[in-house]
Amino acid sequence: MTVMYLHFGEDVSICVQAYFSMLSFYKQFDATDRMVVVTTSPHLFKRMDFAEIIPITNEVIEEWQGKHHFFWRAKIKAIEMVSSQYADDDLLYLDFDTFLYGDIHNIKQLLANGQGLMDVNDGHPSKRKFKPQRMWKTVANRTYANITLGMQHDMWIAGVVGIPKAKMSQVVTTALEICDGMLDDQAEPIVIEQYSLSIAMYEIAGLSPTQQWIAHYWKNKSQWIELIEGIMLRSFLSNAPVAEDIKAFDQISLKDIPIYIDKSNTNRRLKKLIDKILVNKDFRYINADTIYKKD
């Protein structure tokens, strides 16, 4: 199995999450598995020497966005590139805010049986609020890649996408065609790549959730990043080898931090209002041999 990630930019907090996710999978790898990171910043992945780093440029990312300049189309194109290089492998794409806590053999067995995988079923876009619903109003009952969109086509979260090798080419080609068709029809773009993959996977490989093995903490990133940064800081200061980092991972009580928190909109608005009203003051800076205030 090939486990792959897509990375762009210079945000080190994302790379910290990447290392945590990569460790969680690598610790269960056997000789048949490989890990690939497609990135515009290969210098940020030197510690991950157990992975194959595939450098790409910002120009490649831009090209992958297509004529409509839809950023997340690049995810499907990256999957296409890696799957063409490792056509004999089942493929598991992961966002960085994920980690493996269950048995990897369950995932590998489903893929080997030709079963498609995604994170979790998020329901039909017609029943969602705001942007997904607006997208659906545009694409409802339209036909893309010879597939007429209907109420059987739920949207699955695309933080995890597992594609069996025998169905890889068809899934990727179909997802791209659906994505481009929806963009041509000027559908709300926010979740188009996610919905395109969901439809293609449902039609060609079927879909099963991976929640019972892979955690996706996209709704509670702050707490997980705080935990992971603490592990990485200790690793950096002690110059720990990967084996020691794996031991540190194994000592974490993963069940103690929620992976999902439905945060209150009122809470968020009040915090923004308080920050606006109660403004910090008296900023002081160093300059040569003195401390001064800016006017």
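1. A residue is partly exposed when its relative accessible area falls between the buried limit, under 20%, and the exposed limit, over 50%. Lys247 has 49%, so Lys247 counts as partly exposed. Keep in mind that this is a predicted model.

2. Lys247 has a charged partner. Its side chain meets that of Glu244 in a salt bridge, 3.5 Å from N to O. Both residues lie in helix H9, 3 residues apart, or about one turn of the helix. Glu244 is also partly exposed, at 38%.

3. Helix H9 (residues 242-250) also holds Asp245. Asp245 forms a salt bridge with Arg47, with the closest N and O atoms 3.0 Å apart. Arg47 sits in the loop between S2 and S3, so this pair ties together parts 198 residues apart in sequence. Asp245 is buried, at 3% relative accessibility. Arg47 is partly exposed, at 30%.

4. The whole structure has 16 salt bridges. Among them, Arg284 pairs with Asp282 at 2.9 Å, N to O. Arg284 is exposed, at 53%, and Asp282 is partly exposed, at 43%. Asp30, Asp33 and Lys108 are linked in a network.

5. Now the sheet. It is open, with 7 strands in the order S3-S2-S1-S4-S9-S6-S10 and mixed pairing. Strands S3 (52-55) and S10 (208-209) stand at the edges with a single partner each, so one side of each lacks a neighbour in the sheet.

6. S1 (residues 2-7) and S4 (residues 91-94) pair in the parallel sense over 3 bridges. Thr2 stands opposite Leu91 in S4. Helix H1 (residues 12-26) packs on the sheet and touches S1, S2 and S4; its direction makes about 180° with that of S1.

How values were computed:
Residues numbered from 1 in each chain as written. Predicted model: local features only at pLDDT ≥ 70, side-chain atom pairs only at ≥ 80, totals over all residues. Heavy atoms only, no water. Pairing = 2+ DSSP bridges. Helix = DSSP H or I, 4+ residues; strand = E, 2+ residues; numbered from the N terminus. Contact = heavy atoms within 4.5 Å. Axes fitted to C-alpha atoms, helices over the stretch in contact; angles between N-to-C directions. Salt bridge = Lys/Arg side-chain N within 4 Å of Asp/Glu carboxyl O. Buried < 20%, exposed > 50% of the residue type's maximum accessible area, 1.4 Å probe, protein only.
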